[in-house]
Structures are given as structure tokens and as C-alpha cells.
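Please look at the sequence and the structure shown here before reading on.

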Amino acid sequence: MIDRIAKLRAQAEGEIAAAASSEQLEQLRVRHLGRKAELPQLLREVANLPAEQRGEVGKAANMARQALEAEIHARAEMLAGEELERTLHEDRVDVTLPGAPPQPLGSLHLLSSTRRELEDIFLGLGFTVMEGPEVERVHYNFDALNHSPTHPARARTDTFYVSPETVLRTHTSPMQVRAMEAHPPPLYVVIPGRVYRPDSDATHTPQFHQLEGLAVDEDITLADLKGTLLEFARAVFGDERDVRLRPHFFPFTEPSVEVDVSCFNCAGTGFLKDGARCNVCKGEGWLEILGAGEVDPNVYSHVPSNPQNAPGYDPEKVQGFAFGMGVERIAMLKHGIPDLRIYYENDLRFLEQFA
Amino acid sequence: MRVPLPWLREYCDPPLAVAEIEERLTMTGTKVEAIHHHGVPATEGFVVGRVLGAEPHPDADRLRVCTVELGDEQPAQIVCGAPNVAAGQTVAVARPGAVLPDGTKLSRRKLRGVVSEGMILSAGELEIGGGADGIMVLDGMLLDAELAPGTPLADVLAIAIDVIELEITPNRPDCLGVYGVARELHAATAAALVPAPWEQDLGSAGDLSRASVVVECPELCPRFTARVFEDVTIAQSPLWLRARLSAAGQRPINNVVDITNYAMLLSGQPLHAFDLDRVAGARLTVRRATDGERVETLDGQTRTLDGEMVVIEDADGPTSIAGVMGGARSEVTDATATVLMEVASWSGPNIHRTSSALGLRSEASGRFEKGLQPEQCLHAQAVATRLMIELCGARVLAGTIDIGAQPPAPAVIGLRDARVRAILGVDVERARQAEILQALDFASAAVADGLDVTVPALRRGAREASPGV
């Protein structure tokens with residue numbers, strides 16, 4: 001019996017020492033120390049032995065079992081350590097290896113980034129940003145903006161009509177009256193948005209973008225308009241810029257002006273350093289950037305008083321300026337884009353230049 | 001609008017270079033879009049010459065070898081291909097070294113073996129209209145009876161003209177004529193303004209029995225005026241007129257048509273010349289067209305009209321689409337001897353609608369749709385009358401057919417000092433305000449809080465533009 005135990009123990013010890021993995025070791029534990037294994041069987045049968053053999057055989061079997069358990073434990077720890085080491089080694093990341101091929105990354109369209117830039121400038125000057133409907137009533141698009149009933153801009157060749165009383169707005173200006181209907185004076189807002197006109201060539205697209213500005217208070221003058229637009233022009237085109245106001249005509253401002261900014265390409269001289277004529281301003285020294293003026297008193301007369309805008313807009317008590325600019329035009333001037341249609345063709349070679 | 005600078009300077013001549021004039025006009029609201037150069041790039045080398053002899057070329061049937069006196073010791077030998085060249089003519093000559101409008105630089109060279117020292121010029125080669133009929137013969141075409149050979153051509157004929165192209169805003173139809181721009185330049189520079197060329201009228205008011213006019217739709221035709229000219233001689237216009245029209249972008253046709261265009265460019269008001277002998281019944285009726293009515297216009301096209309459009313008809317039916325285009329049946333021809341000069345005012349929005357609906361735009365419709373004032377009719381009549389007499393040898397019949405309501409009394413706008421300051425943010429002295437207004441033909445009278453400003457007829461639109469200022 002004792003010999004048998006010693007043999008089992010020696011065999012098991014040999015196999016444990018040779019075990020190569022935790023899984024193999026577990027199989028060995030089951031085989032040698034599991035319920036059906038021979039050594040535990042021997043231990044259970046010790047009770048059936050003659051009394052004089054019980055102590056010796058039981059002691060030997062117990063010692064063998066304890067020794068095997070200890071060895072399995074020791075071997076298991078060793079194997080676990082080895083395996084951890086191996087895993088750590090195999091899973092190591094080499095940060096110096098080259099990455100995967102680059103994936104295309106989206107970015108803002110030039111018109112979006114320009115619009116945001118313009119909004120930021122006017123936010124910084126104390127204006128708030130509003131938006132309005134692109135499908136607009138004739139009332140807001142023309143009537144309330146002092147366009148005579150026979151004004152040529154109302155013609156079907158110049159405006160998209162949805163119905164006789166509804167148009168796709170031809171400018172962002174209808175929001176002047178909507179803004180004044182919704183808010184009392186003083187009012188300082190800019191309104192970016194899409195506008196529509198039936199034109200299509202290198203400098204016109206049926207849909208384009210404008211940014212409207214409106215400042216109404218008790219004493220906003222043409223001089224305030226000039227100061228505001230000078231600040232704007234410098235923010236967009238550089239600190240050295242100057243602006244000039246040229247008399248013009250719009251139905252909803254009086255006096256009306258067109259606003260030029262001194263050319264950033266030739267510093268307003270019209271000529272480059274090498275004496276050639278400036279190709280940005282065509283030698284003029286000035287670039288037309290927007291239309292503006294003092295809001296015509298007739299426009300205030302079209303703003304009904306209501307609880308939201310009390311005390312309302314009395315033409316004798318309020319005055320202010322309005323301006324409207326083309327977002328495409330500002331971006332064209334700033335980035336030297338020759339053709340308006342490029343904005344909408346979504347050619348990646350164009351878009352990526354401004355990503 | 002294209003304004004030849006020498007023509008503008010005839011009425012207002014500030015001592016300023018063209019670039020400064022451009023700046024002043026632009027900064028007072030009449031934006032100069034471009035400055036074009038019309039004619040030869042430089043005037044050097046262009047002189048008056050006299051043809052002493054014109055002999056056949058020994059080796060070419062169509063060429064002539066001319067001896068031309070150019071004021072030098074020896075006359076020059078010039079080979080010329082024009083069929084009309086002849087001894088005794090006074091002509092325009094380009095010497096070697098001169099540069100033509102198309103960029104060609106002349107040199108002394110041989111033509112079929114014969115040396116040619118320059119070129120005898122046609123009107124076309126100098127960008128003066130016409131000229132399909134050979135070289136330009138200066139005799140009788142210029143005021144000076146005798147021109148000395150060798151005289152610089154630029155001294156006697158506008159061969160190098162600066163033309164300013166202006167953007168006229170919709171509130172300024174008064175600037176659609178050269179004189180209106182001159183008034184603007186006067187206000188912008190304080191240079192003197194010559195009295196309007198229509199102040200002297202060689203025609204007269206009163207009844208005119210030679211023709212009659214009926215206006216059935218006065219709401220679309222606020223004023224209709226007509227004068228009759230007899231003994232008209234149709235011919236080519238003199239060079240100064242052709243040069244001026246060409247520079248302004250109009251093609252010279254004949255003296256009567258050129259006079260209508262000249263008077264229009266000067267006053268802003270379109271005119272139309274009828275051959276009165278071809279107006280059936282010598283009677284014109286202005287009426288709304290009927291739906292589906294068809295009219296053949298001057299360009300040979302047949303147009304289908306509707307009830308919102310206006311036609312002018314004679315006893316045989318419609319001859320013109322009012323304010324847009326005349327008809328072929330009664331147009332002026334080489335045989336015309338009697339001219340009825342029509343100058344009328346039409347409703348701007350109605351003309352805009354008609355020309356857009358027909359897809360037919362003309363120099364006249366483009367002006368009428370901007371809203372001309374009834375007073376301008378007689379301005380154009382006065383300019384045309386003088387030229388018809390001077391250039392066509394015509395006799396103007398006494399009287400003027402003049403149909404239309406009395407124009408409204410001039411509006412008076414209160415211009416308050418406080419409001420001017422409040423809107424502009426700067427002070428403008430009341431005296432300075434009055435001075436600027438005066439230069440623009442607005443009369444003003446001082447009142448307690450500012451000026452009472454009277455709106456002149458040609459600025460009637462300003463009343464709507466500036467309410468309650």
C-alpha cells in the first residue's frame with residue numbers, strides 16, 4: 001500500500017513539474033486529486049484497513065495529497081506568472097509603428113465658416129443673431145420695405161413666386177420688419193440666411209447668402225453706420241483698411257449708400273509694388289462690399305405696435321441704420337474666388353483649401 | 001450710360017482731369033463704372049491732307065497713286081484703294097508711325113511696287129460711324145471752309161475721346177441725359193453750368209393742322225407732343241454728329257434718325273420720327289392694344305400684344321408699340337420729305353411690363369421704364385427742332401400738338417436742420433444746404449426750423465424718395 005502511494009506520488013510529481021500551461025495543470029489536478037482519482041480513493045478506504053495499518057497508510061496518503069496540492073499550487077503560480085509575462089509581451093503596442101492610412105475628415109464649408117466669422121464680429125459689437133423664414137410674404141419682402149407696387153424687382157423675371165402673395169425671399173431685409181415687430185427698440189440684430197433670385201451666371205446663382213444688419217435706437221446716425229462698418233471691414237480684411245460711403249439708392253433706406261473698403265491687395269493704391277495694376281480692385285483702390293443706409297421712415301410706419309414691441313417704432317422718435325451684404329461676395333473678395341458657382345459644385349479640391 | 005467727355009465738357013467744364021471727374025461723380029452717387037477710350041490711341045501722325053492728284057496704279061486696277069499735300073515741302077505719295085478718292089479733296093491722313101484704333105501701326109511700305117507714305121482714312125477706320133462708302137471727304141463736313149494741309153486732325157475732329165460709363169440709380173432718371181450729368185458735375189465741382197440747350201426753342205406752341213393725334217388712354221400716356229417738319233433733306237449726318245453718336249455707342253444712320261438719337265442722349269427723352277407722308281390719314285391714335293393683336297416692328301418681327309400694351313396706329317392700323325419700338329411702315333427713308341417728330345411720355349411700369357412680356361428691350365424702353373417726366377417732351381422737341389433746321393434744311397411748321405394733363409404743382413419738402421444733423425451725425429450749415437440744393441436745381445426758402453425745398457419737375461421722383469425729411 002505504502003509503495004503504491006509512493007509510486008502515485010512520484011508519477012504525479014513528475015507530471016506536475018512537466019505541465020506547460022494552467023489548463024494542463026488543472027487537468028492533472030483532476031486526474032490525481034479529483035474525486036475519482038486513485039489517491040483520494042485510497043484515503044477514503046483507509047477506514048477499511050486493519051487497525052495496525054490505518055495510521056501508517058493514512059499518514060502516507062495524506063502527506064502525498066498535501067504535497068501534491070502544494071506542488072500544483074506552486075506550479076500554478078509559476079505558470080500564471082509566465083503566462084502574464086507572455087501576454088504582456090505579446091500585447092505590447094509599438095507607438096513608433098506607422099499608423100493606419102489617414103481617413104478623410106469633414107470640415108465647415110467656406111460659406112459656413114465665413115458666415116460664422118461675420119456673426120462673431122457683430123456679436124462682438126453687441127448685435128444679436130436672428131434667423132427668419134426663406135418662404136416669405138410679399139408684404140415683408142416688398143411692401144413693408146417701401147417698394148412701390150410697380151417696382152421692377154417684383155417682376156416674375158426677378159423673383160420666385162410661390163403664390164401671388166408668397167415669394168422665396170429675394171433678400172434678408174424682410175427680417176428688418178419682422179424683428180421690429182417682435183422686439184421693442186433699441187434693437188441691434190444681424191440676420192444671416194439664404195435668399196433666392198432667378199439669375200444664373202458667373203456672378204449670380206439662384207440661391208445665395210446674405211447677412212442683414214439693423215440697428216435702431218433714438219439717435220443712430222449715418223456716422224454710426226460708418227463707424228460700425230469700419231470696425232467690420234477691419235475685422236474681415238485687416239487693421240489697415242478704410243471704408244468710404246458713396247451715395248446710392250435703395251427703396252427702404254434714405255439716405256442710401258454703397259460701402260467700399262480700401263483694397264487689401266494693393267493697400268488702396270490701385271497698383272502693386274511692381275507697378276502693375278491691382279487685379280483685385282482693377283486699379284480702383286476700392287472694393288464694393290455692401291449696401292446700407294438710414295432706415296427710411298416709411299419702413300417704421302409699416303411696423304405695427306403690439307404688446308411685444310411696445311412702445312413701438314414711431315418714425316419721429318426712432319432712427320437707425322440697416323445694411324445687407326452678400327456672404328459669397330465677402331468670401332470671394334477675401335479669398336480671390338473667381339466664380340460664384342464654385343461654391344456649390346462641392347469639388348473637394350476647392351473645399352479642402354478652406355478646411 | 002456712356003457719356004463722351006468732350007460732350008459733357010460742352011455744358012460743364014471743370015478744370016479737372018478725367019480721373020478727378022470720375023472721383024467726384026462717383027462720390028456724389030453717379031458711379032463711374034468704366035472709362036473707355038474711343039477712337040485712336042494717340043493723335044500723333046493724324047493730319048489733314050489735300051489730294052493734289054490721283055493716278056491709276058501701274059500694276060493694280062483698284063489702287064490709285066495719290067499725291068497728297070500734308071503741309072511739308074514736298075507732297076507725300078500715298079496709295080489708296082478707295083473708289084471715291086479724287087484730286088481736290090480734303091481728307092484725313094495717317095502718316096507712318098500713327099496707330100489706328102485696331103492697333104495697326106502704319107509704316108512706309110510698298111504696295112504692288114509703289115511706295116506709300118501713309119494712308120487716307122475712312123470714317124470707319126477712325127471709329128466714326130459710317131464709312132462703308134470709301135474715304136472720308138472733309139470738304140463741307142466741317143465748319144471751317146478751308147482747312148490747311150498739315151493741320152492736326154484732332155484739332156478739327158474728335159478722333160480720340162474719353163467716354164465715361166455711368167451707373168444711373170433708379171431714383172435719378174434725370175441723369176439719363178448728358179445735360180443731366182452735366183448738372184450733377186456742376187453740383188459736384190462748382191464749375192459753371194451752361195444754360196440748358198433747350199432753353200431756346202425755334203418751334204412754337206399752338207395748333208397744328210397738318211396732322212392730328214388722339215390719345216385714348218391718357219392714364220398710360222401722360223403727354224404726347226408732335227411737330228411737323230417740311231422740305232426735309234435726308235443725308236448723312238456731319239462728322240461731328242457721327243463722331244459724337246459713335247462715341248456714345250449709337251450707330252449713325254441718317255441725319256433725321258441721328259437727330260432723334262442725339263436729342264435723346266442729350267435730354268434723356270426718347271423721340272420717334274415718322275415719315276408723315278406715310279402716316280395714313282396724317283392722324284395718329286394712341287390706344288390700348290386688343291388681346292392677340294399683331295404688330296410688325298422695325299426689326300422685322302411680328303409681335304403679339306395684349307390689352308395692357310399700348311399701340312400707336314394710323315388709318316391703316318398699328319404702326320408702333322408705344323415707348324418700345326416703332327413700326328416699319330412709317331419709318332423715315334431716303335425719300336422722306338416731311339417728318340412728324342413724336343415726343344411722348346409713357347407710364348414707366350407699363351413700359352417695363354410690355355418690354356419684359358415681349359422680350360423686347362430698346363434704348364427707348366430702357367429710359368421710359370425708369371420714369372421720365374412730361375416736361376422733358378418739349379426739351380427734346382427744342383433740341384431736335386434746332387438740328388432739323390440746321391442739318392436737314394427743314395422748315396418747322398408753326399404749332400405743336402401737345403396732349404396731356406397739366407403736370408402736378410411742384411412739391412415742397414420741409415428740410416429741418418435738426419433732422420439733417422440727427423440723420424447724418426454731422427452739421428451741415430443751412431447756407432451750405434441751400435447752395436447744394438440750388439446746384440441741383442432745387443429752390444429753397446428759409447423757414448424757422450430749416451428750409452422749405454421746392455422739387456423741380458425733373459426730380460419729381462424725389463418726393464417719394466424722401467418723405468417727411
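## Domains of chain A

The model discussed here is predicted, and this should be kept in mind throughout. In the domain assignment, chain A is divided into domain 1, covering residues 2–90, and domain 2, covering residues 110–354. The C-alpha centres of these two domains of chain A are 90 Å apart.

## A sheet in chain A

Chain A contains an open sheet of three strands, which are arranged in the order β2-β4-β3 and paired in antiparallel fashion. Because β2 (135–137) and β3 (161–163) of chain A stand at the edges and have a single partner strand each, one side of each is left without a neighbour in the sheet. On average, and with direction ignored, neighbouring strands of this sheet are turned by 35 degrees against each other.

In general, the strands of a sheet pair through backbone hydrogen bonds, and the pairing may be parallel or antiparallel. Here, β3(A) and β4 (residues 166–168) of chain A run antiparallel and are joined by two bridges, and within this pair A:Tyr161 stands opposite A:Val167 in β4(A).

## Where the chains touch

Between the two chains, 20 residues of chain B are in contact with 19 residues of chain A. On the side of chain B that touches chain A, at least two residues are supplied by each of α2 (18–27), α7 (348–358) and α10 (417–424) of chain B. Sorted by class, this side of chain B has nine nonpolar residues, ten polar residues and one charged residue.

## A buried strand in chain B

Strand β6 of chain B spans residues 90–94, and because five of its five residues are buried, β6(B) is largely enclosed by the rest of the structure. Both of its faces are covered, with B:Thr90, B:Ala92 and B:Ala94 buried on one side and B:Val91 and B:Val93 buried on the other. β6(B) is joined by five bridges to strand β3 (residues 46–57) of chain B, which runs antiparallel to it, and by two bridges to strand β9 (residues 119–120) of chain B, also antiparallel. B:Ala94 is the bridge partner of B:Phe46 and also that of B:Met119 in β9(B).

Why is B:Thr90 counted as buried? There are 24 other C-beta atoms within 10 Å of B:Thr90, and a residue is called buried when 20 or more lie within that distance. Apart from neighbours within four places in sequence, the contacts of B:Thr90 include B:Val48, B:Arg50 and B:Leu147. B:Leu147 is 57 residues away from B:Thr90 along the chain, yet their C-alpha atoms are separated by 7.6 Å.

Technical notes. Residues numbered from 1 in each chain as written. Chains lettered and ligands numbered in written order. Predicted model: local features only at pLDDT ≥ 70, side-chain atom pairs only at ≥ 80, totals over all residues. Pairing = 2+ DSSP bridges. Helix = DSSP H or I, 4+ residues; strand = E, 2+ residues; numbered from the N terminus. Axes fitted to C-alpha atoms, helices over the stretch in contact; angles between N-to-C directions. Domains from an automatic or database assignment. Contact = placed C-beta atoms within 7 Å. Nonpolar A, V, L, I, M, F, W, Y, C, P; charged D, E, K, R; others polar. Buried ≥ 20, exposed ≤ 12 C-beta atoms within 10 Å, placed from the backbone.
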